[in-house]
Amino acid sequence: METLNSSELRQRLYDYSNQVGFDTQKDSFREVISFLIDIDQNFLYTLLNSEEVRYLATHRDVEERLKRQLEQVVESL
């Protein structure tokens with residue numbers, strides 16, 4: 001599995017938000033996503049497909065890097 005880049009993570013965030021009905025154009029979008037990350041340490045897995053989840057199960061270093069990258073993406077929204 002290749003590590004997701006920031007653009008791919010951002011797109012997956014928007015895709016997820018559209019699926020659950022979040023309005024990505026509102027000022028509160030960043031706060032809502034930040035809240036979800038804060039209450040669910042594994043929120044990242046919501047954005048991944050099953051192959052990526054399996055890969056992360058054996059590559060914790062990649063998981064931690066992706067979590068940090070996701071936080072940076074959310075901060076930049």
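Figure 1. Lys67 is buried, with a relative accessible area of 16%; buried means under 20% relative accessible area, exposed over 50% and partly exposed in between, with a 1.4 Å probe and protein chains only. This is a predicted model, in which local features need pLDDT of at least 70 and side-chain atom pairs count only at pLDDT 80 or more, while totals for chains, interfaces and linings use all residues. Residues are numbered from 1 along each chain as its sequence is written, and side-chain values use heavy atoms, with hydrogens and water left out. Lys67 belongs to helix 4; helices (H or I, at least four residues) and strands (E, at least two) are DSSP runs, numbered from the N terminus. The Lys67 side chain comes to 2.9 Å from the backbone oxygen of Gln41. Leaving aside residues up to four places away in sequence, Lys67 touches Gln41, Asn42 and Leu44, where contact means heavy atoms within 4.5 Å.

**Figure 2. Glu63 in helix 4.** Helix 4 spans residues 60–75 and includes Glu63. With a relative accessible area of 5%, Glu63 is buried. Its side chain is joined to that of Arg60 by a polar contact of 2.7 Å (a pair of N or O atoms within 3.5 Å; within protein, one must be able to donate a hydrogen and the other to accept it, and residues adjacent in sequence count only if both atoms are side-chain atoms). Not counting residues up to four places away in sequence, Glu63 touches Asn42, Leu44, Tyr45 and Leu56.

**Figure 3. Packing of helix 3 and helix 4.** The axes of helix 3 and helix 4 are 7 Å apart and the helices pack at an angle of about 120°. Helix 3 is therefore oblique to helix 4. Axes are lines fitted to C-alpha atoms, for helices over the stretch in contact, and angles run from 0 to 180 degrees between N-to-C directions. Angles under 35 degrees count as roughly parallel, over 145 as roughly antiparallel, 65 to 115 as roughly perpendicular and the rest as oblique. Helix 3 contributes Tyr55, Leu56 and Ala57 to the contact, and helix 4 contributes Arg60, Val62, Glu63 and Leu66.

Figure 4. The structure holds three aromatic pairs; rings of Phe, Tyr and Trp (its six-membered ring) pair if their centres lie within 6.5 Å, with planes under 30 degrees apart counted as stacked, over 60 as edge-to-face and the rest as tilted. Tyr16 and Phe22 have ring centres 6.3 Å apart and planes at 70°, so this pair is edge-to-face. For Tyr16 and Phe43 the centres are 5.4 Å apart and the planes at 85°, so this pair is also edge-to-face. Because Tyr16 lies in helix 1 (residues 6–20) and Phe43 in the loop between helix 2 (29–39) and helix 3 (50–57), their pair ties together parts that are 27 residues apart in sequence. Tyr16 and Phe43 are buried, whereas Phe22, at 28% relative accessibility, is partly exposed. Tyr16, Phe22 and Phe43 form one cluster.

Figure 5. The largest nonpolar core has 19 residues, of which Leu13, Ile33, Phe43 and Leu70 touch the most other members. Such a core is a set of buried Ala, Val, Leu, Ile, Met, Phe, Trp, Tyr and Cys residues joined through side-chain atoms within 4.5 Å. Its largest share, five residues, comes from helix 4. Apart from residues up to four places away in sequence, Leu70 touches Leu9, Leu13, Ile37, Phe43, Leu44 and Leu47. Val73, found in helix 4, is buried with a relative accessible area of 2%.
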